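Please walk through the model below with attention to its charged side chains and its open spaces. The account starts with the terms on which it rests and then moves from one part of the chain to another.

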Amino acid sequence: MTQDDTIIECLERRGVTVDSIAEIVLSLQLPYNPKLTKQHCIDSVLHVLGKREVQYVLHTGIALDELAENNMLPQPLQAIMEADTPLYGVDETLALGIVNVYGMIGLTSFGYLDKKKIGIIRELNDHPTGIHVFLDDLVAGLAAAASARLAHRHQDELDNPSGQA
């Protein structure tokens, strides 16, 4: 099993699929690139997931959510995680580790997703039993990074339609 497979399985165990992230990416980028397909978005999510620094951020955030679910964090952190305290902010800060891989467009997309909570992000945020303090933001960061990657590639194609360097 590869490192990429491990993180995909870890996400799936928490209810997140590559496909659900790709749907968010498609919704973000389709208005700017009408030729974009869901497969392009899946490929972009997989590319971002292939980065070791992204995998480390995801493993860390997921582990903290799981520790909180099992009541294994010290106080007051346990109570903060259980309440998903709005001023906590560490979850967004960790997600920025993913977003910053692809620059400013990723940051603005992340802010939008953090506010609107589209698709699986909303499901994680509103989940009645599990703790997803980190995971909803990490998925938003992942979708924002994959979206930014596609935006950069699309702009490169527009700037150089012949494909010559």
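A residue is called buried when its relative accessible area is under 20%, exposed when that area is over 50%, and partly exposed in between, with a 1.4 Å probe and protein chains only. The model is a predicted one, in which local features need pLDDT of at least 70 and side-chain atom pairs count only at pLDDT 80 or more, while totals for chains, interfaces and linings use all residues. Residues are numbered from 1 along each chain as its sequence is written, and side-chain values use heavy atoms, with hydrogens and water left out.

Side chains of opposite charge can pair when their charged atoms come close. Here a salt bridge is taken to be a side-chain nitrogen of Lys or Arg within 4 Å of a carboxyl oxygen of Asp or Glu, and by this rule the structure holds six salt bridges. One of them joins the side chains of Arg14 and Glu69, at 2.9 Å from N to O. Arg14 lies in the loop between helix 1 (3-13) and helix 2 (18-29), and Glu69 in helix 4 (residues 52-69), so the pair ties together parts that are 55 residues apart in sequence; helices are DSSP runs of H or I with at least four residues, numbered from the N terminus. Arg14 is buried, with a relative accessible area of 11%, whereas Glu69 is partly exposed at 34%. Asp126 and Arg122 also form a salt bridge, their closest N and O atoms being 3.7 Å apart; Asp126 is partly exposed at 44%, and Arg122 is partly exposed at 36%. Asp19, Glu23 and Lys38, in turn, are linked in a network of salt bridges.

Which residue forms a salt bridge with Lys117? The partner is Asp114, with the closest N and O atoms 3.3 Å apart; Lys117 is buried, at 14% relative accessibility, while Asp114 is partly exposed, at 22%. Asp136 is buried yet has no salt bridge, and Lys117, the nearest side chain of opposite charge, is 4.2 Å away; for charge, Lys and Arg count as positive and Asp and Glu as negative, with His and the chain ends not counted. Not counting residues up to four places away in sequence, Asp136 touches Lys117, Ile121, Leu124 and Asn125, where contact means heavy atoms within 4.5 Å.

The largest pocket has a volume of about 260 Å³. A pocket is an open set of points on a 1 Å grid over the protein atoms alone, where a 1.4 Å probe fits, with protein on both sides within 12 Å along at least five of seven lines, and lining residues have an atom within 4 Å of a point; grid points are joined across faces, edges and corners, and the volume is the space filled by probe spheres set on the points. Helix 3 and helix 9 each supply at least two residues of its lining, and helix 9 gives the largest share, five residues. Among the lining residues are His40, Asp43, Leu150 and His154. His40 sits in helix 3 (residues 38-49) and is partly exposed, at 37% relative accessibility. Leaving aside neighbours within four places in sequence, His40 is in contact with Lys35 and Leu150.
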